[in-house]
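Work through the exercises below with the model open beside you. Try each task before reading its solution.

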Amino acid sequence: MQQKARNSAFELLRIISMVLIVMHHYSEHGEFDFMLPFNMKLYYVQCLRMGGKLGVNLFVLISGYFLCKSEKINLLKIFKLEICVIFYSVLIGLLFFCFQPDKESLRELLQEFTPIRSQRYGFYTTYFAMILFSPFLNKLVYYFKKDELKRLLLLILIIWVVIPVIPTFYAIRMSELGWFFFLYLSAAYIRLYGNDLCMCAKKYFLISIGCYALVLLSVLMFDFLGARNMIFQKKFTYFLPMNSILIFSASIMLFIVFTKLNINNNKFINIISSATFGIYLIHENHLLRHFIWVDLFRNSQFINSNFIYLHSIIAISSVYIAGTLIELIRKYVLERPLFIIIKKIIPDSLLVSGENDYFVFFAGPEHKEQN
């Protein structure tokens, strides 16, 4: 089967998704007091928070889109992913153990060597579990006929997305892993039956923007209601969850837009996108995130200042750029030489190559479109 040049659209989407997540963490971990009287600065910080779950949904959709055609788990990729997680977990833990021992004991440092067991990174733990289940999810995708898969997705959509919109209705509790499975199957459906999506990319993009605009308007609505009734004061995150009907709709629509885009192989985009996992591991580390947003940038101190807008841009950009540089250095200085040696040791039968890159989202832009 003839390969053609890689489409960098998904790499660009990964970059956008990680920017949304860093914006979310600026607001989430900045220790802002959201009980303050309404003002535009507070509303701005609230809006920064609303894109994080959109970014997470997009991450999982990208993985499901490419993994759905895989039949085997790439053990080398699993090892590469684990080495990356352990590297940052142990390195950051060691730095705090040496310079701020009150925040990292010896026992806690030892736990850094098993980040999944210790759940140092909640998203990664769930994502890793999804990867392990992916061969079984793929069997499910190909076992069901198109209409059967569509009915399954619609049923889950009603239970986990539509019903929770109504506050008085009892919603069946959703697990994060179950939600990742749903996103995985949704992306697989788009991959296999995307020809049914007949609207142009521009229309899907406008729908996505419309859904996200409604999310931001909902924040404003709850702020005004909260000023009149304390019950609503902390409800501005009502449409923030991953399974929120507006966040989910915006995620799906924007993802479809990028499946329809064809950006020629762009080396710069590909390199920057390959660092997204490292950015996540660095700035969302349980020890480092307080240092970044509270001690270093002191986010909450600017909530009443007109400088908050420029401050957020500087802080978010600095975290993204610094994380990218650190991760690229790690990849080129440590990872590449290490895996050159490993590839000489591990039998070729364990190295799964081609489009079906099991860690297309995190491990770098190695996937290629096929005719």
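**Conventions.** This is a predicted model, in which local features need pLDDT of at least 70, side-chain atom pairs count only at pLDDT 80 or more, and totals for chains, interfaces and linings use all residues. Residues are numbered from 1 along each chain as its sequence is written, and side-chain values use heavy atoms, with hydrogens and water left out.

**Exercise 1.** Classify F32: buried or exposed? Then treat Y26, and classify their ring pair.

*Solution.* 
- Set the classes: buried means under 20% relative accessible area, exposed over 50%, partly exposed in between (1.4 Å probe, protein chains only).
- F32 has a relative accessible area of 9%, so F32 is buried.
- Y26 has 0% relative accessibility and therefore counts as buried.
- The whole structure holds 32 aromatic pairs.
- In one of them, the ring centres of Y26 and F32 are 5.8 Å apart with planes at 45°, so this pair is tilted.

**Exercise 2.** Classify the ring pair of Y238 and F239, then the exposure of Y238 and of F239.

*Solution.* 
- The ring centres of Y238 and F239 lie 5.0 Å apart and the planes meet at 90°, so the pair is edge-to-face.
- Y238 has a relative accessible area of 28%, so Y238 is partly exposed.
- F239 comes in at 15%, so F239 is buried.

**Exercise 3.** Find the rings over which the charged ends of K80 and R191 sit.

*Solution.* 
- Apply the test: NZ of Lys or CZ of Arg within 6 Å of the ring centre and within 35 degrees of the ring normal.
- K80 places its charged end over the ring of F339, 5.4 Å from the centre.

**Exercise 4.** Which elements make up the chain, and how does its radius of gyration compare with the globule rule?

*Solution.* 
- Count DSSP runs, numbered from the N terminus: helices (H or I, at least four residues) and strands (E, at least two).
- The chain has 14 helices and zero strands.
- The radius of gyration, taken over C-alpha atoms, is set against 2.2 Å times the number of residues to the power 0.38.
- The chain gives 21 Å, close to the 21 Å from the rule for 371 residues, so the chain is as compact as a globular protein of that length.
- Of these 371 residues, 50% count as buried.

Note on methods: Phe/Tyr/Trp six-rings, centres within 6.5 Å; stacked < 30°, edge-to-face > 60°.
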